[in-house]
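This briefing covers one protein chain. Please look over the sequence and the model before reading the points below.

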Amino acid sequence: MNNRLIATDTIIGLAKKTIETERDAIAQLSSLLTDDFASIVNCIIQAKGRVIISGIGKSAIIATKIVATLNSTGTPAIFMHAGDAIHGDLGTVQDNDVVICISNSGNTPEIKMLVPLIKRGTNKLIAMTGNTDSFLAKQADYILNTHVEKEACPNGLAPTTSTTAQLVMGDALAIVLLEIKGFTSSDFAKYHPGGSLGKRLYLRVSDLVSKNQVPSVQQDEDVKKVIVEISKKMLGVTAVLDREKVVGIVTDGDIRRMLNKYDNIKGLTAKDIMTTNPKTISANTLAIKALEQMQKKGISQLLAMDNDTYIGVIHLHNLINEGIL
């Protein structure tokens, strides 16, 4: 084992060479698009079944990622390993499905065995390959050309640039399908209900406010009651009301400023120390919009309103706890 330290410039140089090789390959990929790409998109849109994507080795890994992207953007897809397909999993393919086989060479033994079995049915076969003269390409109904001049691997052996090209072509296919289908952020939320991404798309202010206590004082109440209310409700703030109408807000900061300004706070009321025209937000607004408003205004809480009715406070900590920030 070589324990000597390698120079930083050498390491960074090798990394840059790899990235630039793959960048250049991707830059050329758009020039390989043909009318087949449009035909494939129409074929998938018109199909009554799913998109079955198959591959072997590293191409199989890329296939699983493309399947995941298609599923999450509204195009039903299933991964079928090419090796397993010829040993019983071919039943995955149903009559109305479209099949995409991924193989850089297009001539692997598993692909050569699988393709004739698929061709026995009525399924459209799409080849994603870097070799348009291959067995796979010649048997396919349509071709997605992912040819690259060379792999980033200096030995030209490890699939690197070629699998990157496959990944990008798969993304292009998924996004075109998404756009044509009119797949919206609301649709996206249906497929991503969990995690911070999903919450950004569906969680609303009302969902978070309902978990908090509702701090409020009347405008003529003394500051002691204000301090107690802020401490009790643990949001660092209280709304100030004139009966039911919001007329102001008192924050921890307002309390500190009051103590700096007055030696004697006896007789002071909420109205004396409140900030008028407090920042509010509709309870029906997406929580991510509340975050954007807080960041823009440099504040950590907003008063939530249901029309003209005050219903509580949304705090920056609520957004942090939900993973939105």
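The points below go from the whole chain to single residues.

This is a predicted model, in which local features need pLDDT of at least 70 and side-chain atom pairs count only at pLDDT 80 or more, while totals for chains, interfaces and linings use all residues. Residues are numbered from 1 along each chain as its sequence is written, and side-chain values use heavy atoms, with hydrogens and water left out.

**Whole chain**

- The protein chain contains 15 helices and 12 strands; helices (H or I, at least four residues) and strands (E, at least two) are DSSP runs, numbered from the N terminus.
- The radius of gyration of the protein chain is 30 Å, whereas a compact globule of 325 residues would have one near 20 Å. The radius is taken over C-alpha atoms, and the globule rule is 2.2 Å times the number of residues to the power 0.38.
- The C-alpha trace spans about 90 × 60 × 35 Å along its principal axes.
- Of contacts between residues at least 6 apart in sequence, 62% join residues at least 24 apart; contact means heavy atoms within 4.5 Å.

**Surface and charge**

- Buried residues account for 43% of the 325 residues. Buried means under 20% relative accessible area, exposed over 50%, and partly exposed in between (1.4 Å probe, protein chains only).
- There are 35 positive and 33 negative side chains, and the centres of the two sets are 3 Å apart. Lys and Arg count as positive and Asp and Glu as negative, without His and the chain ends; each charge is placed at NZ of Lys, CZ of Arg, CG of Asp or CD of Glu.

**Lys48**

- Lys48 sits in the loop between α2 (35–46) and β1 (51–55).
- Lys48 counts as exposed because its relative accessibility is 77%.
- C-alpha to C-alpha, Lys48 and Thr161 are 34 Å apart in space and 113 residues apart in sequence.

**Asn145**

- Asn145 belongs to strand β5 (residues 142–145) and, with a relative accessible area of 17%, is buried.
- The Asn145 side chain reaches the backbone nitrogen of His147 at 3.0 Å.
- Apart from neighbours within four places in sequence, Asn145 has contacts that include Leu29, Leu32 and Met169.

**Thr238**

- Thr238 lies in strand β7 (residues 237–242) and is buried, its relative accessible area being 0%.
- A polar atom of the Thr238 side chain is 3.1 Å from the backbone nitrogen of Ser216.
- Leaving aside neighbours within four places in sequence, residues in contact with Thr238 include Pro215, Ser216, Val226 and Ile249.

How values were computed. A polar contact is a pair of N or O atoms within 3.5 Å; within protein, one must be able to donate a hydrogen and the other to accept it, and residues adjacent in sequence count only if both atoms are side-chain atoms.
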